[in-house]
Amino acid sequence: MKRCFHCFGSYGDEFNVCPFCGTVENPRPKEPIFLWPGTVLNGRYVIGESIGAGGFGIVYRALDMKLDNVIAIKEFFPQSVVTRAEGQPNLIVIGKKREEYEYRKKRFLLEARTMAKFGKHRSIPNVFEFFEANESAYIVMELLEGQQLNDYIEMMPDGKVDLGFAVFIANEIGQALITMHNAKVIHRDVAPDNIFICSGTELQIKLMDLGAAKIEDSSDDVIDLCMKVGYSPVEQYDKTDNFGPWSDIYALGATMYHMLTGVRPYESTTRKKEDFLQDVNQLNPQVPENLSNTIMKAMAINGNERFATVEEFLKAVNGEKKVLSLEKEKKKKRLKIALGITAAMLAVTIGAVFGFMKYQKTRKEKFLREAKISVWYLKDDTNPLETQALETITQNFNAQEGYEKVEIELVAYTDRTEYEKALQKAADEGKLPAVFESTDVSDEVLKKASDAEKVITLTEECSVLQNYSSYYSDKKRIPLAVEVPIAYVLTDGADDNKYVLQYNDDYFNNDTFKKNVKYVEEDQKLLEKNHLEAGAGKYDSSKDDWSVVLASTTSFTEVKKSLSDKWFAVKLAYYDTDQIHSAFTYEWSIGNGTADEINAAEHFASWLLGANAQVNLLGSTGMVPVNDKALHQRAEGDEQWTAVEKIADHFVFDQK
């Protein structure tokens, strides 16, 4: 029997290609210095093919024979210090480099211990074991499938990452850095080649390679820091000990700069002599000014001009903190100095009095008492980022001053029947979760829910909810999104615009449209209010008689599935522009609990209606945010969403 060194399946000797994964048999390593596939380490791990190599190590796929798991093993292999004879497992130390070899191996094992310390964090690879063998050392860790961020950026047509995805990556890596910084560890090598986008059902972002990390109380330091042109702050080049969270903030800011502009920033030492780096929104007008200012502040040459903590940086990234441009901030500081000590002291005194009065007035509303609340939701397969988004939203909520004492438990259900049964049981016992998704939930359950109107009063900038009580007379549900009628115009080529031109506004208002349109059944009631009649009948995806136009809504769940192998363009479809019949969707409700728990639940539900939460939660869907700012952010630079924003004033809703 043969073993595949990619998937580790066993198959007959008569085959030269693995029947399980299609890998062509190749018993030799990719490079002579690599371990041969089939080598057994520590009596437990079978080495497979190599999946990566750098100046200091080699990474292999491997099989854990004890647990029958495919894992990754990183081998200590500093190529300037050691070599290996082909086919031999032991390393050979080059010349008189034994002292450097011992030092680097010590650092390698320190990296393993550091990674193992943070293994439970979702954005740091999990380390299972590390050991020494073959004059080398090995780290056994989880195998990650996917691609490095730098490769992902190169795949983008213009080298730019989608705004929402870039912010998501920054939040995930930022949370990993917060955990490290709290443990007094500075990464010092944040860059696109050390950020890994994992593939799979749940999107995960991992911060890789802690080999250059600065660990508190460690007496030694790396001999040669791995400088990343464009990403390393100037203090790393100065070889001083002036490292801190601000160093990683610079690198993460530079990574965001590259993601959103498609341009790697200039080297920090070059910028120190003459800084002519353009602002992010100069290169990408779709980036909001506040986010552009945030990234440029994170990349300030002087460490004391950057954000002091990653938490502060992420607040600004998520729009929760206003950031001036560096130039305006410097002018503001100079102006304060020019005003003189007396005027400054007066301003401080007045500000303190005013601040105290304001604090006293809002303390009861802003500072939530200690409470533990559960948030239940039905996991939506059409929104793969929902869980990650809710986790990020929860963390951002807890990061707000006054909200720290609220403990939030997220509970996901994957089966609707099971979810409805659990809610019904909780309702019968008077123990509904503090916050729960209530789209299509029975009225019997909702009768036991709490009044949700206070949530709306806590929320600003949701103009479509200004007549909330007339839409939701029972005041039991809070909609996060809106569905709007839309037409999917089928084309027969990659150039959608070329083919959609023949379908002008007149086409959507005459008999031709009625004869050729078909509707997705689940959206029929809403669509009939905006179209003259049901047209050619119900849409049947099992047949191949594709109509010219499919009518649906911006949720487009069923249409998207049906059109997976078709070219199509999107056009808003409605007749009466004064009244565009739309529908509220993605509804949530407030459950049961103590007064403190309900108060916390209402503030959390209000948080879900905020701009940043809506962008995170609805960004991968076609649902229209109820928050005006969130809709505007989605509309910037996007023709379809710009059109939706323009007609938002004409949405009308039926009473629920």
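The legends below accompany an overall view and several close-up views of a predicted model.

**View 1. The whole chain, with its secondary structure and surface.** The chain is built from 24 helices and 27 strands, and of its 656 residues 48% count as buried.

**View 2. Helix α1, residues 98-117.** With its 20 residues, helix α1 reaches 29 Å from its first C-alpha to its last, which is close to the 28 Å expected at 1.5 Å a residue.

**View 3. The packing of helix α3 against helix α9.** Two packed helices are described by the angle between their axes and the distance between the axes. For α3 (residues 163-182) and α9 (residues 310-317), the angle is about 165 degrees and the axes are 9 Å apart; angles over 145 degrees count as roughly antiparallel, and α3 and α9 are therefore roughly antiparallel to each other. The crossing of α3 and α9 is left-handed. On the side of α3 the contact is made by Val167, Ala170, Asn171, Gly174, Gln175, Leu177, Ile178, His181 and Asn182, while α9 contributes Val310, Glu311, Leu314 and Val317.

View 4. Phe8, found in the loop between β1 (2-3) and β2 (10-11), has a positive phi of about 70 degrees although it is not a glycine. Buried means under 20% relative accessible area, so Phe8, at 7% relative accessibility, counts as buried. Asn134, placed in the loop between β9 (127-133) and β10 (136-141), has a phi near 55 degrees, which is again a positive value in a residue other than glycine.

View 5. Glu636 lies in the loop between α23 (628-635) and α24 (639-647), and at 26% relative accessibility Glu636 counts as partly exposed. Glu636 and Pro285 are 351 residues apart in sequence, yet 8.6 Å apart in space from C-alpha to C-alpha. When residues up to four places away in sequence are not counted, Glu636 touches Gln286 and Pro288.

Technical notes
Residues numbered from 1 in each chain as written. Predicted model: local features only at pLDDT ≥ 70, side-chain atom pairs only at ≥ 80, totals over all residues. Heavy atoms only, no water. Helix = DSSP H or I, 4+ residues; strand = E, 2+ residues; numbered from the N terminus. Expected span 1.5 Å × (residues − 1). Buried < 20%, exposed > 50% of the residue type's maximum accessible area, 1.4 Å probe, protein only. Axes fitted to C-alpha atoms, helices over the stretch in contact; angles between N-to-C directions. Parallel < 35°, antiparallel > 145°, perpendicular 65-115°, else oblique. Left-handed = near helix turned anticlockwise from the far one by under 90°. Contact = heavy atoms within 4.5 Å.
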